[in-house]
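User: I am new to this structure. Please take a close look at one part of it and walk me through what surrounds that part.

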Amino acid sequence: MRTALVLLRKDLRLELRTLETVPAMVLLALVTFIVFHFGLDRDTIAGQEAAGVLVATLLFAAMLGVNRLFVAEREQGGFDAFLLAPVDRSAMLLAKAAGLFIFLAALEVVAVPAFGLFLLGPSLAPPLPGLIAVLALADLAIAVIGTLVSAIAIHTRARDLIGPVIGLPLLLPALIATARAAGPLLRFTHAAGAPPGKWLAVLALYDLVFALLAYAVFDFLLED
Amino acid sequence: MDTPAVELRGLARYFGERTALRDVSLVLPAGASVAVLGRNGAGKSTLLRILAALLRPHAGEVRVFGEPLPRRAFAVRARLGLLAHEPLLYSELTGRENLRYHAALHRVAERRVDEVLEAVAMERRADDPVRLLSRGMVQRLAVCRAVLHDPPLLLLDEARANLDPAASALVEPLIGRPAGRTRVLTSHDPRAALAEADLVLALRDGRVAFAGAPEGLHDDALRELYA
């Protein structure tokens, strides 16, 4: 845990210094909402449709973060430096997944209110607590699967392609569950803060399965 | 009998169809230095990466301080330092931030960072991002990184590259003979490497062309090695 915190602190410092990842993710999300706003030619959307737009947009923005997750390690010898240290390799999985989770949370702090502004009619305040719970579970899935996929892709020449090609199908069940859980919240008729338990359970189970899988295989991904 | 610092027996490593190392054997006593010589692509860097447990051997036996690699790599990592072609530093972080990061990974006290920075006269530029430093300064920081945890075994791949004579003299107490460490070193200047070594391992196309004391490697053999 201590090593993971050391790695996480370094990653956050690098991002604050370079601003290479989170601003790009936010920009992509904002542009996508604007495209939907004008492309759908409707003042407002709601329910399952709104959930689909939100989840798809966040997913594509997240892929930018996934693709850049290990770039500094690859290009500046971070992998070798880490492997030379007498530390547990799974610390890197934990740190990278936590870092991506924080990037996603930062994205959503801007993107979700923007989504409300551009595409929702009623105030986003009533369903917000439920939406935060759903997005937290979705972010966990993206963070774990994204870290796994990024660790595979970084060793390939076509890493920018491999990330989405492997990552998007793996994330599909989690995203369907996220959209289904968020849909009733965005109908604005449902009791606030009560996303469907079934889909939350599916998301939580998916998170758990992939967290265990990632823990089991991550060491091998760092081998030569 | 003391356990050798490095023991190689019949080591082989391939990259696809290409043979990087084949049937390489070496016994390096603790405290001694070996110069690994050979042309570009002879297998020198591959050998160092295997000793650092960053690459797996495909055949043969590798032991560092008696521990077989890669199986017992975890037990060896704290006892070796690698100075490779790449400095293994993040360009957007400062030298001090980089070294503090490595100190944390190796569980070394932060005051050691100040010690090594002072040793290579980098205290005044230690808070500049690495990307703003000259190559020589980056190499001095890389030396700091490699010796931060005071490893008894140093793997030095062109350690003095980019260093002018004054900077080379600064790093000497850390990576030279006076440091008293076991060293496996390569250099683009074979005569400089020979002057620093107790043993020579000359490689040609991944195979051992010569192994023994530096005095045994005659000028003709040296010229032929680099021809």
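Analyst: Start with the core. The largest nonpolar core has 152 residues. A nonpolar core here is a set of buried Ala, Val, Leu, Ile, Met, Phe, Trp, Tyr and Cys residues joined through C-beta atoms within 7 Å. Buried means that 20 or more other C-beta atoms lie within 10 Å of a residue's own; exposed means 12 or fewer, partly exposed is in between, and C-beta atoms are placed from the backbone. The residues with the most contacts inside this core are A141(A), A182(A), L83(B), V143(B) and L155(B). Helix α7 (residues 128–153) of chain A gives the most to the core, with 15 residues. From chain B, the core draws at least three residues from each of domain 1 (1–79 + 155–227) and domain 2 (90–150). These bounds come from an automatic or database domain assignment.

A word on the model and its labels. It is predicted: local features need pLDDT of at least 70, side-chain atom pairs count only at pLDDT 80 or more, and totals for chains, interfaces and linings use all residues. Residues are numbered from 1 along each chain as its sequence is written, while chains are lettered from A and ligands numbered from 1 in the order in which they are written.

Helices (H or I, at least four residues) and strands (E, at least two) are DSSP runs, numbered from the N terminus.

β7(B) has partners. Strands pair if DSSP finds at least two bridges between them. Strand β6 (residues 80–83) of chain B pairs with β7(B) in the parallel sense, over four bridges. There, L83(B) stands opposite L156(B). Strand β8 (residues 182–186) of chain B also runs parallel to β7(B), joined by five bridges. D157(B) stands opposite T186(B) in β8(B). Between β7(B) and β8(B), the chain passes through helix α6 (residues 165–175) of chain B, in a right-handed β-α-β crossover. Right-handed means that, with the strands pointing away from the viewer, the path from the first strand over the helix to the second runs clockwise.

Beyond its neighbours within four places in sequence, V143(B) is in contact (C-beta atoms within 7 Å, placed from the backbone) with L83(B), V120(B), V171(B), L174(B) and I175(B).

Conventions
Contact = placed C-beta atoms within 7 Å.
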